[in-house]
Amino acid sequence: MARPVSDRTPAPLLLGGPAGTPPSGGALLGLRSLLQGTSKPKEPASCLTSRDTPSPVDPDTVEVLMTFEPDPADLALSSIPGHETFDPRRHRFSEEELKPQPIMKKARKIQVPEEQKDEKYWSRRYKNNEAAKRSRDARRLKENQISVRAAFLEKENALLRQEVVAVRQELSHYRAVLSRYQAQHGAL
């Protein structure tokens, strides 16, 4: 025979939903399994509709509040002149961009005799030199961007690790409070 609501201990009201509403049995089981680290038992459909469950969070939309002021010289070296300044907070590199590039052996230089160095030869040499310069500049720009982004991510990672430690301490505190409560008043 079920006890009337007035005879119950106040514990379910403390751990229930909004103030003044008693929690469902499934919600208490869910809380217990969450605190004990076990999987959540199956709940009736009525419990699922009455609870306010948080919606999943997209990791890309979470912004960590931190101060990150890279050296202006580093930002200048990682930005394309005349374009928007490189922002390490927003820029995402693809897997392909971060893969190491293979080291290729250079072809042996072939000396071209002076008598064969005509206008066509010098035109091709000029185009090749310009292309090599553009390639070196693009590689240097990408390396600078990666290093600035890595510095940002390292700082963000350190901040997130501190936050995880604080949340774990808070969780262990609440587990201790719950276990003291259960020792005094019985299991939920």
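Start by selecting Lys142, which sits in helix 6; helices here are DSSP runs of H or I with at least four residues, strands are E runs of at least two, and both are numbered from the N terminus. This is a predicted model, in which local features need pLDDT of at least 70 and side-chain atom pairs count only at pLDDT 80 or more, while totals for chains, interfaces and linings use all residues. Residues are numbered from 1 along each chain as its sequence is written, and side-chain values use heavy atoms, with hydrogens and water left out.

Now show its neighbours: leaving aside residues up to four places away in sequence, Lys142 touches Phe93 and Glu97, where contact means heavy atoms within 4.5 Å. The side chains of Lys142 and Glu97 are joined by a polar contact of 2.9 Å (a pair of N or O atoms within 3.5 Å; within protein, one must be able to donate a hydrogen and the other to accept it, and residues adjacent in sequence count only if both atoms are side-chain atoms).

Next, select Ser79. Ser79 belongs to the loop between helix 4 (72-77) and helix 5 (95-98), and it is buried, at 12% relative accessible area. Its side chain reaches the backbone nitrogen of Phe86 at 2.8 Å. Not counting residues up to four places away in sequence, Ser79 touches Glu84, Thr85, Phe86 and Leu141.

Now go back to helix 6 (residues 119-185) and pick Asp137 and Arg140, which lie three residues apart, about one turn of the helix. They form a salt bridge, with the closest N and O atoms 3.0 Å apart (a side-chain nitrogen of Lys or Arg within 4 Å of a carboxyl oxygen of Asp or Glu). Asp137 is partly exposed at 31% relative accessibility, and Arg140 is partly exposed at 43%.

Zoom in on Arg90 and Asp87: their closest N and O atoms are 2.9 Å apart in a salt bridge. Arg90 is exposed, at 55%.

For a last stop, select Glu96 and Lys99, a salt bridge with its closest N and O atoms 3.8 Å apart. Glu96 is exposed at 54% relative accessibility, whereas Lys99 is partly exposed at 46%. How many salt bridges does a search of the whole structure find? There are nine.

Definitions and conventions:
Buried < 20%, exposed > 50% of the residue type's maximum accessible area, 1.4 Å probe, protein only.
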